[in-house]
Amino acid sequence: MTKTILSIGTYDTKNAELEFIQSCIEEQGGKVMTMDVSVLGDPENPTDISKHQVAEAGGMTIEEVIALGDENKAFQVMARGAARLVAENWQAGRFDGMIALGGTMGTDLALDCAQALPLGVPKFIVSTVSFSPLIAPDRLAPDIQMILWAGGLYGLNSICKSSLSQAAGAVLGAAKAAQAPDTGRPLVGMTSLGSSCLKYMKSLKPALEKRGFEVAVFHSTGMGGMAFESLARQGAFCCVMDFCLQEFGNMLAGSLVSSGDDRLTNAGKSGIPQLVAPGALDLVDFAGWQTIPEQYADRPYHEHNRLIKSSVFNADERRKWVHELAERLEAAKGEVRFLLPVGGIEEWDREGQEAYDPEGLQAFIEEARNVLPGRVPMDEIDGHINDQVFIDAALEVFDGWVRDGVVTSA
């Protein structure tokens with residue numbers, strides 16, 4: 001089947017570049033659906049979705065957008081309209097992948113368009129600031145692809161054609177190769193870190209698969225949590241085992257290794273049964289290139305690799321996290337059970353390891369005992385989160401929720 005790619009850009013100023021992308025896609029057997037997000041000028045040729053339609057979807061006429069007299073305000077209207085039309089046209093089955101082109105202004109708009117699409121839909125952005133520190137992590141769709149628009153800010157040349165042609169081939173190839181998720185088995189969403197820190201998934205995944213469930217394990221280092229929350233928001237999971245809350249603690253502490261403000265909320269809003277545990281909630285992450293902030297400098301510390309390193313939260317911070325945790329879980333519409341492993345919550349907090357802090361762990365445990373009962377059902381596990389006793393407890397709760405192969409709320 002011929003695949004159609006939605007191409008988004010300012011056709012008044014980037015017409016040559018966008019038409020080059022279109023020609024590359026068509027030469028490879030694809031089709032192109034065009035969306036113009038210009039404000040002041042007009043494209044050389046009509047587009048499938050005009051700037052007038054984009055402005056109207058954003059709640060204004062193009063004349064009203066122009067009258068704003070401010071490029072930033074104007075493009076925010078256009079971004080709102082473009083994202084809405086992207087979602088509507090995807091739901092109507094009119095395209096199979098998205099590509100967008102822009103500098104900082106066009107990239108800002110394109111990021112909203114990418115987030116309007118579900119996980120698994122190919123989404124590529126050719127940008128002068130691809131994966132730049134200017135782009136906050138929570139602006140990135142979990143499966144977004146970006147390539148630097150090198151040497152192409154003003155006009156076509158052999159350098160920028162290399163980037164544009166690669167992006168055109170990549171998005172069409174992805175659309176051709178993409179496999180829709182198999183919904184034949186109910187899907188359990190699980191969060192974790194690598195097995196040097198958290199190991200429960202190595203036993204839980206095969207145990208759940210033997211019970212007839214598919215299991216997707218998400219790496220809780222920012223983008224993984226975004227993907228997890230996005231799928232939970234879509235109702236993709238029959239149940240979640242959200243056993244790694246490191247991103248949650250990072251978000252509360254202001255770390256850049258965050259998956260966004262909605263962490264630990266979307267499964268609850270969707271009524272998806274949740275098994276939750278505080279795996280790695282004792283650690284705050286920093287990028288490998290960052291200097292450890294002074295407030296964390298005298299604490300237990302683990303340098304995982306050149307990309308990421310962690311310090312330990314103190315007792316007061318851990319107590320605060322319990323209250324934030326209770327507030328989010330208490331708001332859930334579906335079944336919730338919090339599992340509290342009193343023997344430790346990640347491998348590096350065992351005695352003799354770098355992040356060992358028994359006083360901090362005990363502060364968290366005591367606060368959980370004081371705050372959660374009556375608000376969130378809680379089971380204490382007499383062991384470490386990586387021990388078999390935790391795995392057995394999780395499976396016992398899960399099995400109690402299953403009726404005729406379906407995970408249900410009580």
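This is a predicted model: local features need pLDDT of at least 70, side-chain atom pairs count only at pLDDT 80 or more; totals for chains, interfaces and linings use all residues.
The crossing of helices H4 and H5 is right-handed. Residues are numbered from 1 along each chain as its sequence is written, and side-chain values use heavy atoms, with hydrogens and water left out.

Back to the pair. Two packed helices are described by the angle between their axes and the distance between the axes. H4 covers residues 71–91 and H5 covers residues 104–115; they pack at about 30°, axes 8 Å apart. Axes here are lines fitted to C-alpha atoms, for helices over the stretch in contact, with angles from 0 to 180 degrees between N-to-C directions. H4 and H5 are therefore roughly parallel. The cut-offs: under 35 degrees is roughly parallel, over 145 roughly antiparallel, 65 to 115 roughly perpendicular, the rest oblique. Helices are DSSP runs (H or I, at least four residues), strands likewise (E, at least two), numbered from the N terminus.

Who makes the contact (heavy atoms within 4.5 Å)? From H4: Glu71, Asn72, Phe75, Met78, Ala79, Ala82, Ala83 and Val86. From H5: Met105, Leu109, Asp112 and Cys113. Nine of the contact residues are nonpolar, one is polar and two are charged. In this count, Ala, Val, Leu, Ile, Met, Phe, Trp, Tyr, Cys and Pro are nonpolar, Asp, Glu, Lys and Arg are charged, and the others, Gly among them, are polar.

Next, helix H7, residues 201–210. Its buried residues are Met201, Leu204, Ala207 and Leu208. They cover an arc of only 135° around the axis, which puts them on the same side of H7. The arc is taken from the directions from the helix axis to the C-beta atoms. Buried means under 20% relative accessible area, exposed over 50%, partly exposed in between, with a 1.4 Å probe and protein chains only. An α-helix has 3.6 residues a turn, so residues three or four places apart point the same way. On the other side of H7, Lys202 and Lys210 are exposed.

What do the buried residues of H7 pack against? Strands S6 (187–192), S7 (214–219) and S8 (239–244), plus helix H13 (388–401). Just after H7, Gly212 takes a positive phi of about 95°.

Two residues other than glycine also have positive phi. Phe131 has phi near 50°, and sits in the loop between strands S4 (123–127) and S5 (145–148). Ala280 has phi of about 60°. Its loop joins strands S9 (274–279) and S10 (283–287). Ala280 counts as buried, at 0% relative accessibility.

Ala136 is also in the loop between S4 and S5. Ala136 is partly exposed, at 33%. Its C-alpha is 40 Å from that of Lys210, 74 residues along the chain.

Last, two threonines. Thr183 lies in the loop between helix H6 (158–177) and S6. Thr183 is exposed, at 73%. Thr183 and Glu214 are 31 residues apart in sequence, and 9.3 Å apart in space, C-alpha to C-alpha. Thr265 lies between helices H9 (246–253) and H10 (266–269), in the loop. Buried or exposed? Thr265 is buried, at 17%. Beyond its neighbours within four places in sequence, Thr265 contacts Glu229 and Arg328.

Key: A crossing is left-handed if the near helix is turned anticlockwise from the far one by less than a right angle, and right-handed if clockwise. Contact means heavy atoms within 4.5 Å.
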